[in-house]
Amino acid sequence: MKKNKIYYIISGCIFAFFVIYTIMVSAVGVKPLGVNGTNIGFADININFHNMTGLHLDMYDLTDKLSIIIYALMGMFAAVWVIKLFMKKFDKTIFMLGILYILLFIFYFIFQKIIINYRPVLIDGAMEASYPSSTTMLATTVLITAIMAFFYLIKSKIVRTVLTVALIAFAAYMVIVRMTCGVHWLTDIIGGLIASAGFIFLYAGFCTSVNKTKRNGRYYR
């Protein structure tokens, strides 16, 4: 079986598991212990973890501000896509990255309408959807797929290695801080990571489905 098909199957299985997990979050251990008495699944686990980590709105604000780096990275790839388009050099890897971003935001808007959980606390006095953690999902998906794209775009192994370490560290930081700052339930973070894994394997399938020939350290078609 071709590697890209294996990645697609893995991605499909992960998304299927995400659906099962989401149903479980909606139905297992549900108690009205959320903000303003809203229901929350796996309530005992979520409440205990939330009480253990506490509330750190300063760290929450920091991750929100740092998210601009993620959006800037997405904008950079969008600019590369436009430049290659004007140069009449259609690049499937970058094009598929754009498709992935579109799917990611569609996914985000779906869960703004289908609310599984609300945040443990009010944000600026308002209740906000909390599941899955969009920041967790965005950070891990965008940063890890960026590493894949950089391996295609950048010739220097040293630069690729530095970027890989930096982006993995940044993704880990965003997830850990988001998990412990008290604005998400633990199950929200886990849901975001599961969904992100599905998107990452989907993009890996995209990349390996493109036939590339390596020449002088760069990939061409």
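Predicted model: local features only at pLDDT ≥ 70, side-chain atom pairs only at ≥ 80, totals over all residues.
In which helix is the place of His50? His50 lies in helix α2, which spans residues 43-53; helices here are DSSP runs (H or I, at least four residues), numbered from the N terminus. Residues are numbered from 1 along each chain as its sequence is written, and side-chain values rest on heavy atoms, with hydrogens and water left out.

With a relative accessible area of 15%, His50 is buried; the term buried denotes under 20% relative accessible area, exposed over 50%, and partly exposed the range in between (1.4 Å probe, protein chains only). When neighbours within four places in sequence are set aside, His50 is in contact with Pro120, Gly182 and Trp185, contact being defined as heavy atoms within 4.5 Å.

Two packed helices are described by the angle between their axes and the distance between the axes. The axes are lines fitted to C-alpha atoms, for helices over the stretch in contact, and the angles run from 0 to 180 degrees between N-to-C directions. For helix α6 (residues 157-180) and helix α7 (residues 186-208), the axes come within 9 Å and cross at roughly 155 degrees. This makes α6 roughly antiparallel to α7; angles under 35 degrees count as roughly parallel, over 145 as roughly antiparallel, 65 to 115 as roughly perpendicular and the rest as oblique. The crossing of α6 and α7 is right-handed, a crossing being right-handed if the near helix is turned clockwise from the far one by less than a right angle, and left-handed if anticlockwise. Val175, Arg178 and Met179 of α6 make the contact with Leu186, Ile189 and Leu193 of α7. By class, this contact of α6 with α7 comprises 5 nonpolar, no polar and 1 charged residues, where Ala, Val, Leu, Ile, Met, Phe, Trp, Tyr, Cys and Pro count as nonpolar, Asp, Glu, Lys and Arg as charged, and the others, Gly among them, as polar.

Helix α7 also packs with α5, at an angle of about 25 degrees and with the axes 8 Å apart. This makes α5 roughly parallel to α7, and the crossing of α5 and α7 is right-handed. On the α5 side, the contact involves Thr136, Met137, Thr140, Thr141, Ile144, Thr145, Met148 and Ala149. These residues meet Ile189, Gly192, Leu193, Ala195, Ser196, Phe199, Ile200, Tyr203 and Ala204 in α7. The contact of α5 with α7 divides into 11 nonpolar, 6 polar and no charged residues. Tyr152 lies in helix α5 (residues 134-153) and counts as buried at 9% relative accessibility. The C-alpha atoms of Tyr152 and Arg178 are separated by 30 Å, with the two residues 26 apart along the chain.

A pair of aromatic rings is described by the distance of the centres and the angle of the planes. A search of the whole structure finds 14 aromatic pairs; rings of Phe, Tyr and Trp (its six-membered ring) pair if their centres lie within 6.5 Å, with planes under 30 degrees apart counted as stacked, over 60 as edge-to-face and the rest as tilted. The pair of Phe15 and Phe107 is tilted, because the ring centres are 6.4 Å apart and the planes stand at 50 degrees. This pair links distant parts of the chain, as Phe15 in helix α1 (residues 3-27) and Phe107 in helix α4 (residues 92-113) are 92 residues apart. Phe107 is buried, with a relative accessible area of 13%. Tyr108 and Phe109 form an edge-to-face pair, at 5.2 Å centre to centre and with 70 degrees between the planes. Tyr108 is partly exposed at 29% relative accessible area, whereas Phe109 is exposed at 51%. One aromatic cluster is formed by Phe15, Phe17, Phe18, Tyr21, Phe107, Phe111, Tyr131 and Phe199.

Most residues other than glycine have a negative phi, and most peptide bonds are trans. A cis peptide bond joins Tyr131 and Pro132, with omega about -15 degrees, and Pro132 lies in the loop between α4 and α5. Asn36, in the loop between α1 and α2, has a positive phi near 55 degrees and is exposed at 59% relative accessible area. Phe42 is found in the loop between α1 and α2; its phi is positive, near 50 degrees, and Phe42 counts as buried at 18% relative accessibility.

Conventions. Helix = DSSP H or I, 4+ residues; strand = E, 2+ residues; numbered from the N terminus.
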